[in-house]
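Please open the structure in your viewer and keep the selection tool at hand. The stops below proceed from individual side-chain pairs to strands, a sheet and the whole chain.

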Amino acid sequence: MKRTLGVCYYPEHWNETQWAEDAARMARLGLTWVRIGEFAWSRMEPEPGRYDWAWLDRAIETLGARGLKVVLGTPTAAPPRWMLGRHPDMLAVDKDGKPRKFGSRRHYDFSHRGYRVECAKIVTALAERYGRNPHVAAWQTDNEYACNETTLSYSDAARAAFQDWLAQRYQSPDALNRAWGNVFWSMDYREFHEIDLPNLTVCEPNPSHVMDFRRFASDEVASFNRLQVEIIRKHSAAPVAHNFMGAITEFDHWKVGADLDITSWDSYPLGFLSDRIPADADHKRRFVRQGDPDFQAFHHDLYRAVGRGRWWIMEQQPGPVNWAPFNPDPLPGMARLWAWEAFAHGAEAVCYFRWRQAPFAQEQMHAGLLRPDSAPAQAFGEAEQVAKELAAMPAEAGTGKADVALVFDYASDWAWAIQPQGRSFQYFWLVFHMYRGLRRLGLNVDIVPPDTADLSAYKLVLAPGLFTLSDPLKAALAGFKGTAILGPRTNSKTPNFSIPVPLPPALPGLDAVIARVESLPPDVSVPLAQGGALVNWREKLEGGAQAVEMAEDGWPALVAAGKLHYLGGWPDDGALARILQRACSAEGIETDPLPEGLRRRDTATHRFLFNYNPVPAEWGGVSIPPAGVHWTAR
């Protein structure tokens, strides 16, 4: 499929006399897609039941007349003020019992059935009117599920829905009591309606209770999304997408993605580095205007897998954002680099956010391709350059074969957030640490779901921190011919959040038992005999399995039975590089250790090098400028 560029546009923000010129400039720039509509409910339905489509008809026609394809968003992320008059209890409630308020966006509770009825009405009306419009070539449901901490709600609506969810899952209170271990602290329930939400308890709530609440909340997102997708598909053959975010794990994206035709995500590298990535000051200083060298790539590979191969960037940062603690200006060239890196990972489209910087409201400090006065901003020229370069490249989107698979599981992230045992243990960053180690070796990586049943395409599989091994993954590992590295904490709980007996990791053929665990403060590590150390987390392993890595205190750190390995801790960068290099060498996987800030990605036709550094990088006889992209045909 052809690689394309696009932009996010809000015709309702601008005088209609500007629309035609905006559309003409978009087309001249080389854009293909224009996303509109996702926050325009108050203009689509100014009063309950009274629709105003005339302005949207003209906007779509104006864009289509210039050959632009429209991505039409459902407006359910920003319900109008009159909606609260109809459903005053539709607002989500935070963990402290305080309801959210009107005045921004995402002010709804996924569990409120009355609001779902209203959503079904507006989505039906939208799909009926534009489902066969020749200019509407794709759809987006809602906007950024989980943004602004809106997945977990502690409302009356959520309580009632959770009780019903539990009744369907367990069928009887006795079964639930056994599964949760409610004999502890006299927590037994006689009826499902007695079960409250797991907040405002005197000390921490039962982890089994919280885990099921997290599963329930995730299922609510999936069913909310499915409601909209099913309505759209009744009226339109165009593909349906949703725009996910970075380092957001509050719901299971694998389940939501199963109902979509395309997955997309919103990429804001500088905002993420400032706001979300737990890196040291030197790292953040080095990449302050470029973004972390691996964070975007991780999400490209994750959402490519969630979308079963079809994925986009729905929002790409073009300049300073408005929402991070600090908002630097991207280094010249980064808007081009970020786009090309997405394409190298298989993106079909990269859409910049937004066309013109808004001079009003919450996002007025968020840059666009144009300034508020319509003059081109820095990224305008870079987008134009990418459009010209795309025209000269092979048309097919795609990415190269990967020899390495990395398992990612949202439920494991919930589990270790519920019971981390150490403040530094965070599942997402453990998996990301492994991914970064592989990227530093110049490897393509596929991210795979926790119920993967076939690993035959890979030579090396990593599964760090999995809460519980699924039956399909157990079977896949049993038949896997390559090297597998599991741990730490893999298979260490039952699905009901208890310690299993036999003790973990309980892997067939591996004579190893986790005797004790310890979480390590940031200034404490466990040195390894071959160099490097374990940080954050350490397991003391007993048994007769072959010791591949030893701690200096005499405890095994990495054990093996044939090609099946278990890693009893969180290795630092040096130890991880050695472990991965050894595994790759054993499987004949070619590695290419890269300098700091330089990353490689292979497609079916080209090899790309991306320089995230603020200074030139030398590699393979080539000098790559700061924020530079270099490619060669394979």
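A salt bridge is counted where a side-chain nitrogen of Lys or Arg lies within 4 Å of a carboxyl oxygen of Asp or Glu. The model is predicted: local features need pLDDT of at least 70, side-chain atom pairs count only at pLDDT 80 or more, and totals for chains, interfaces and linings use all residues. Residues are numbered from 1 along each chain as its sequence is written, and side-chain values use heavy atoms, with hydrogens and water left out.

**First stop: Arg538 and Asp553**

Select Arg538 and Asp553, whose side chains form a salt bridge at 2.8 Å, N to O. The pair links distant parts of the chain, 15 residues apart: Arg538 belongs to strand S15, while Asp553 is in the loop between strand S16 (546–550) and strand S17 (556–561). Helices (H or I, at least four residues) and strands (E, at least two) are DSSP runs, numbered from the N terminus. Arg538 is buried, with a relative accessible area of 2%, whereas Asp553 is partly exposed at 45%.

**Second stop: strand S15**

Two strands are taken to pair if DSSP finds at least two bridges between them. S15 pairs with strand S13 (residues 513–519) in the antiparallel sense over 6 bridges; Arg516 has Lys540 of S15 as its bridge partner. Strand S14 (residues 526–527) is also antiparallel to S15, over 2 bridges. In the hairpin of S14 and S15, with 5 residues between the strands, look for Gly531, which has a positive phi near 110°. Strand S19 (residues 569–571) is joined to S15 by 3 bridges and runs antiparallel to S15, with Trp570 in S19 as the bridge partner of Val535.

Select helix H12, residues 295–306, in which Arg304 and Asp301 lie 3 residues apart, about one turn of the helix. Their side chains meet in a salt bridge of 2.8 Å, N to O. Arg304 is buried at 13% relative accessibility, and Asp301 is buried at 0%. Next, select Glu348 and Arg310, which form a salt bridge of 2.9 Å, N to O. Glu348 is in the loop between H13 and strand S8 (349–352), and Arg310 in the loop between H12 and strand S7 (311–316), 38 residues apart.

Display the open sheet of 3 strands, ordered S20-S21-S24 with antiparallel pairing. S20 (598–602) and S24 (629–633) each have a single partner strand, so one side of each is left without a neighbour in the sheet. S20 is joined to S21 (residues 606–611) by 5 bridges, and Arg599 stands opposite Phe610 in S21. Arg599 also belongs to a network of salt bridges with Asp292, Asp294, Glu341, Arg436 and Arg439.

**Last stop: the whole chain**

Zoom out to the protein chain, which has 18 helices and 24 strands. Its C-alpha trace spans about 75 × 70 × 40 Å along the principal axes. Of its 634 residues, 59% count as buried. A search of the whole structure finds 43 salt bridges.

Notes: Buried means under 20% relative accessible area, exposed over 50%, partly exposed in between (1.4 Å probe, protein chains only).
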